[in-house]
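The sequence and the structure come first, and the description follows.

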Amino acid sequence: MSDLFSTTILFAILIAALKMATPLLISALGELVAQRAGNWNMAVEGTMLTAAYAAYVVVVLTGSPALALGVAIAAGLVVAAVNGFLTVVLKLDQFVAGLALNLLASGITLFWFRAGLQGKGTPTFASLSPISEGPFAGLYPMTVFAFALAPLIWWFLERTRPGLELRCLGENPEALDLRGVNVRRGQMLALLFAGGMTGLAGGFLMLAFSDRFVPDFTGGRGWLVVVAIIAGNWRPGRVLAAVLFFAALEALAVQSRVGGSFLPEQLLLAMPYLLSLALMALFRSKSLEPAALGIPYRRR
Amino acid sequence: MKTMKLLEVYRLSKRFGRTVANDELTFDVLKGELHCLFGENGAGKSTLSACLTGFHKPDSGAIMLNGREVVFATPAAALDAGIGICRQHFSLVERFTVLENIVLGTEREHLRFDLATARARVAALCERLGLTIDPDAPVAMLAVGERQWVEILKALYHEVRLLILDEPTAVLTPAESARLFAIIDRLRGDGLAVILISHKLTEVMATDRITVLRRGRAVATVRPAEVTPVQLTALMMGEEPPPVPARTLRHKGEVVLEVEGISVPGPRHDFRLEGAPLAVRSGEILGLAGVAGNGQREFLDALTGLARPTQGTVRLCGEDMTSASPARWMAAGAGSIPEDRYAEAMIGEFSIAENVALGWHRTARLSRGPFLSRARMADFARDAIERFGVKQAGPKTQARALSGGNAQRVVAAREIARARHLLVANQPARGLDIGAVAFLYGEILRAAEAGAAVVLASEEAEDLLAVADRIAVFFKGRIMGVVDARTASLAEIGAMMAGRAA
Amino acid sequence: MRFVPRSETAPAWTAFCYGVALAVFFLLSALVVLSVGGSPGKAFAALFKGSLGTWNAVGGTLAKATPLILTGLSAAIAYRARIWSIGQEGQVVFGAVAGYGATLWFGLAGPFGIAVALLCGALGGAALGLVSGVLEARFRVNVIISTVLLNYCVGYLLLWLLQPGLWGEVGQTISYQQSAPVADSLFLPAIPGLSKVHLGGLVALVLTIAVGILIGRTRLGFEIRGFGLNPRAMVARGVNAGALILAVMAISGALSGLAGIGQVLGESHRLRPDALAGFGYTGIVVALIGRSSAVGTLIAALFFGALAAGGLTMKVMADIPSALVTAMQGIALISFLLAEIASLYQPVRPVRDGGAA
């Protein structure tokens, strides 16, 4: 375990953590917007998985990572649109709709994977590589985007007119409705944004972390996104901190598998989940949960 | 002097499913007029307001502004046409500041608000109306009365020609109500027309014209000079009003409830009982006066087990109940009729039989071992329905199909049955038709006659003066004074409601 | 044609909605089959043959339905209380682990051993459920989050246990982990006549009736139903929310745990991750489609058991990956949710605007 703490190892962990934080952060910031607008949007895991698989198929069939990312975003938008239809238009329970979509996504992607939509078997592709030289060597441009997104989202929510209206959707949508603002459109847009961001995250996850798709590729990361938002008390800065925390844990787990440690590998892999539980239990600051979160809006 | 019709409503109809909310409504409002819409709950006033503000689309009929027909596709269109509304249930965002609430929905062509200009406009508006409100205060920190002013500021921030006020004085002290009407008069002088929805006869009789609604129809439009309050009430009900329940002579027995030095935390005001302990005897009715939100809720929660006082003691029949759970209170013979019947006392999807079983379901009365006896529940329900006059319903009727009055009868039946020693009622008459109100107060009086101590909170001080023995007036989490209801005056109580000590 | 909310539901319209949902279900599933160039006709024919075509197939259906009945009931009882536990998946595994561990530690054998193992499985599931229950009741940690996270933790626990040094069978590879088999005397006996169905099926049926009675006729069931519909009113009238949450999570966990150990003793006869996967999440779908009632859950479980049994035949006969069945579960859920929504509305012909100035 002691060799875990040499400078080169720590630096490698940092780089790995930044890389792992990237998809989580992008997805979490998008999801934050959806939740601040009042929708739980529980389909994050399914959206991410679908987008990852879509990216895989496209990159294997066309060889273009850029196109794959684009299709991944589109996949996220599609799932979000369906979720929006179910929860905003039909006013289905948001948890149930999200779970249903997660199930549907995992089922259909697995089915298409086994049926060979990507071609026979499991073709591989060249995964995205980071910047190779210069001061930013080892980093991905997407990471820079992810970290720039956080203050941008904060500024949007707290300092702009549409941001105020979006926050109002999550606190008291009736106030907006009475002022003549279209509540449904606002909620749909928020969901679509979240879907697009999670789609981008899923695509990046596929392209940068592996060279092929495997069943249950996202492995619960979508759920960690939701946990990060709750742990971050629905504030962009704290969500960023929570995401970095999870990413650091995961990087540590991977590094110790390579470097060797006395802790069983499975325990380290379970660490993010266990620690999330412990943290949520122990630290409950005054909840800033949006007041109308989870409540479908109906005109009285 | 030629007075122009600002608003004309012609044969407006609106139905929801099978219920007809507005039925061929016809009336008009003149420029600068203070026009009252008078009617019971369910008469169609809220639906009419919703149609006038573009919230709902009428099924048939016409709305005309200044002689030209208008159709509002969205609430935004109604706002643009100059129709503003302050609804009875506030639509404020608690987490936002006053200023944010006011500018919400405006400047839609901008990316960022011009807060400097907005601030100046709000300040000017406040000055014109004689209000002092901190624009940067979060609404969550404001008292209920102050929130009403914010709602009015919201409405007047736009250019309005017609302002609809739905029960604006429900949460105002008498002094604040007077101030509101003074402001309204000033605005009317500038040409603003005001539709006032109110059930308070003193206010209604001070308007220019009154349109009485009953079951969705406009039954009559009269001038206050042409009718007496009793005639008005009869028009509203369609029949002779029932006799006003009045205080009966009751033998007051032992002290049943004793509250001393308690402090109960609350979202805005902690309730604190200072000075001498408060005692309520068997057979006595203690009224709690004051605008809701001044500590009544916290005080009553301590009497039902929903809140635990951080200090002090609460005793029921000598037993220390300070940290008792709701189950213990019920077992000790205490019943509670809460403020919001559908949120706190009933389960809409359950039948009447299941609703009356709430709190009784673990007792031998309704259960046998671990099993609930459906037969006994049905019997209990039938008994309650008959004795409390729940109309057109049986044990299997779903609670949410009941009218407000009937639902409250079910709750009252259940709670009065267990109130051997103490009955707590929080705004029991709110939102009920006059028949139900009279019946309910009658039952409360009967419970007191049977020996229970009654603690009754109401925003209508007149009701308390008629029914209670003593009245405690609440203001900002304190009891300003306890007066004898037989000799106290409304002015006295109003002064205490506004903060003046007894 | 507009749709307005109904004041009360009409049975004929509701039946119509569910009928349409069934049709939509088949239509969408057919589209998925077509999307990979398969033949829906062959796929559905194979599904039917493999699930209901022969007596043997029916046995297979019942066998596949058995764990789903239990996990479905597990989810149903929680959802009646509006406790959105997603933990069935982990509770199945933990129950299997607890029961299997009991056979090792206590050296169980014979019918008595079966009973003890089943009991330990149920207790194990209950224990895991209680963890989430305590986290919710005492620490206000959202049940959905904690159960999902615990699912992943338990998954890792199982992998750890199946290492060669611990419970893992000698000679296995990383990608095919399993434990040593349980003693022969611990195998659940089969039902005479339906060779594929084991004792677990009978237990599941009995528990369906028990849960139905619990929810509909007991005081606890009354509190569960009321709490799900209006927790505030229930607490105000004396229900201890914390105790209720713990009770529900314990019962729910026990049912799923029983499913897990039932599968170990009745089907796989050893601990294997892939033999335990999926029942939990499918149980959730079963409960939701069955509207969280005992009878509805039973019917939905049988339906999904048929799908699962038929899926294998579909792989062989129509060369459609059996993963289609998972997709069909999601499609079925959405279709039935849409039906439930639709049954609350009624179509109205637009009212002609007759108003004239």
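## Terms and numbering

Helices (H or I, at least four residues) and strands (E, at least two) are DSSP runs, numbered from the N terminus. Tyr10(B), for instance, lies in strand 1 (residues 5-16) of chain B.

This is a predicted model, in which local features need pLDDT of at least 70 and side-chain atom pairs count only at pLDDT 80 or more, while totals for chains, interfaces and linings use all residues. Residues are numbered from 1 along each chain as its sequence is written, and chains are lettered from A and ligands numbered from 1 in the order in which they are written.

## Confidence

The predictor's confidence in each residue is given as pLDDT, from 0 to 100. For chain A the mean pLDDT is 88, with 96% of its residues at 70 or more. Within chain A, helix 8 (residues 183-209) has the highest confidence, at a mean of 96, and helix 11 (residues 265-282) the lowest, at 82.

Chain B averages a pLDDT of 90, and 99% of the residues score at least 70. Confidence in chain B is highest in strand 20 (residues 422-426), at a mean of 96, and lowest in helix 8 (residues 229-237), at 87.

## The nonpolar core

A residue is buried if 20 or more other C-beta atoms lie within 10 Å of its own, exposed if 12 or fewer, and partly exposed in between, with C-beta atoms placed from the backbone. A nonpolar core is a set of buried Ala, Val, Leu, Ile, Met, Phe, Trp, Tyr and Cys residues joined through C-beta atoms within 7 Å. The largest such core has 381 residues, and those touching the most other members are Leu24(A), Ala52(A), Ala55(A), Ala228(A), Val243(A), Val454(B) and Val473(B). Helix 8 of chain A gives the most to this core, with 14 residues.

Two residues are in contact if their C-beta atoms, placed from the backbone, lie within 7 Å. Leaving out residues up to four places away in sequence, Val454(B) touches Ile285(B), Leu286(B), Leu423(B), Ile444(B), Ala447(B) and Ala448(B).

## Helix 1 of chain A

Helix 1 (residues 7-36) of chain A has a kink of about 30° at Thr22(A), shortly before the proline Pro23(A). The bend at a residue is the angle between axes fitted to the seven residues ending there and the seven starting there. Of the 30 residues in helix 1 of chain A, 21 are buried, leaving the helix mostly covered. Gly38(A), just after this helix, takes a positive phi of about 105°.

## Domains of chain B

An automatic or database domain assignment supplies the domain bounds. Chain B is divided into domain 1 (5-237), domain 2 (242-333 + 419-502) and domain 3 (348-412). Between domain 1 and domain 2 of chain B, the C-alpha centres are 33 Å apart.

In chain B, 12 residues of domain 1 are in contact with 12 residues of domain 2. On the domain 1 side, helix 5 (144-157) and helix 6 (174-189) of chain B are the elements that give two or more residues. The residues of that side divide into eight nonpolar, three polar and one charged. Here Ala, Val, Leu, Ile, Met, Phe, Trp, Tyr, Cys and Pro count as nonpolar, Asp, Glu, Lys and Arg as charged, and the others, Gly among them, as polar.

## Contact between chains A and C

This contact takes 33 residues from chain A and 34 residues from chain C. Helix 4 (94-115), helix 9 (221-231) and helix 11 of chain A each supply at least two residues of the chain A side, and helix 4 gives the most, with 14 residues. By class, the side of chain A that touches chain C has 26 nonpolar, five polar and two charged residues.

## Individual residues

Arg215(B) is not a glycine but has a positive phi of about 50°. Arg215(B) lies in the loop between strand 9 (209-214) and strand 10 (217-222) of chain B. Phi is also positive, near 60°, at His269(C), a residue other than glycine, in the loop between helix 10 (241-268) and helix 11 (273-276) of chain C.

Gly129(C) lies in helix 5 (residues 110-137) of chain C and counts as buried because it has 34 C-beta neighbours inside 10 Å. The C-alpha atoms of Gly129(C) and Gly90(C) are separated by 9.1 Å, though the two are 39 residues apart along the chain.
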